[in-house]
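I opened my notebook to look up a few things in this structure. Here are my entries, in the order I made them.

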Amino acid sequence: QVQLVESGGGTVQAGGSLRLSCAASGRSFSSYAMGWFRQAPGKEREFVAAISRSGGITSYRDSVKGRFTISRDNAKNTVNLQMNSLKPEDTAVYYCAADGPVYGVYYLTRNDREYDYWGQGTQVTVSS
């Protein structure tokens with residue numbers, strides 16, 4: 001069982017930055033691939049970024065490549081999403097998710113249906 005708590009959301013002007021953090025409970029955090037998803041009002045939830053157990057493999061949706069960076073600290077049971085050059089279209093509730101336990105150290109997925117645990121979400125609002 002994994003419990004996830006996101007923090008770091010808020011309101012920022014276009015071009016600004018935010019850093020989201022996700023704190024995970026449990027002793028097996030390093031056994032989980034982790035992901036960030038978002039959902040804007042009236043839209044379906046969409047993949048943002050994912051990171052493998054080891055942290056050595058990452059994946060991003062095209063619209064955030066070069067602006068967002070996902071990272072993890074297995075010693076601290078945290079996964080972060082650094083968001084730079086934010087745009088109004090990044091406005092959404094952002095969710096942290098855990099997939100696993102997984103056995104491949106380089107495994108990750110962009111499919112939200114494969115994630116087993118979800119946080120409560122944190123609101124990110126980017127004003128123009």
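Predicted model: local features only at pLDDT ≥ 70, side-chain atom pairs only at ≥ 80, totals over all residues.

**Strand β4 and its partners**

I started with β4 and β9, which pair in the antiparallel sense over seven bridges. For the record, two strands pair if DSSP finds at least two bridges between them. Strands here are DSSP runs (E, at least two residues) and helices are DSSP runs too (H or I, at least four), numbered from the N terminus. Residues are numbered from 1 along each chain as its sequence is written, and side-chain values use heavy atoms, with hydrogens and water left out.

Which residue of β9 stands opposite Gln 39? I found Val 93 there.

Next I checked β5 (residues 46-51), which runs antiparallel to β4 and is joined to it by five bridges. Met 34 stands opposite Ile 51 in β5. The two strands, β4 and β5, form a hairpin with six residues between them. In that turn I noted Gly 42, which has a positive phi of about 75°.

Then I asked why β4 (residues 33-39) counts as largely enclosed by the rest of the structure. Six of its seven residues are buried, so that is the reason. Buried means under 20% relative accessible area, exposed means over 50%, and partly exposed is in between (1.4 Å probe, protein chains only).

**Strand β8**

I moved on to β8, which is mostly covered, with five of its six residues buried. Strand β3 (residues 18-24) pairs with β8 in the antiparallel sense over six bridges, and Ala 23 stands opposite Thr 78 in β8. On to β7, which also pairs with β8 in the antiparallel sense, over six bridges. What is the bridge partner of Ser 71 in β8? I looked, and Asn 80 is the partner. The hairpin of β7 and β8 has four residues between the strands, and Asn 77 takes a positive phi near 55° there.

**Salt bridges**

How many salt bridges does the structure hold? I got six. The cut-off is a side-chain nitrogen of Lys or Arg within 4 Å of a carboxyl oxygen of Asp or Glu. Side chains of opposite charge can pair when their charged atoms come close.

I took Arg 38 and Asp 90, whose side chains meet in a salt bridge (3.0 Å, N to O). Arg 38 lies in strand β4 and Asp 90 in the loop between β8 (78-83) and β9, so this pair ties together parts 52 residues apart in sequence. Arg 38 and Asp 90 are both buried.

Glu 46 and Arg 61 came next, with a salt bridge between their side chains (3.5 Å, N to O). Glu 46 lies in strand β5 and Arg 61 in the loop between β6 (58-60) and β7 (68-73), so the pair ties together parts that are 15 residues apart in sequence. Glu 46 is partly exposed, with a relative accessible area of 27%, and Arg 61 is partly exposed at 22%.

Asp 90 lies in the loop between β8 and β9 and Arg 67 in the loop between β6 and β7, so the pair ties together parts that are 23 residues apart in sequence. Arg 67 is buried, and so is Asp 90. Salt bridges that share partners join Arg 38, Glu 46, Arg 61, Arg 67 and Asp 90 into one network.

**Whole protein**

I stepped back and counted zero helices and 11 strands in the protein. Buried residues make up 45% of its 128 residues. A compact globule with 128 residues would have a radius of gyration near 14 Å, and the protein has 14 Å, which agrees. That radius is taken over C-alpha atoms, and the globule rule is 2.2 Å times the number of residues to the power 0.38.

Is Tyr 106 buried or exposed? At 59% relative accessibility, I put Tyr 106 down as exposed. Tyr 106 lies in the loop between β9 (92-99) and β10 (117-118).
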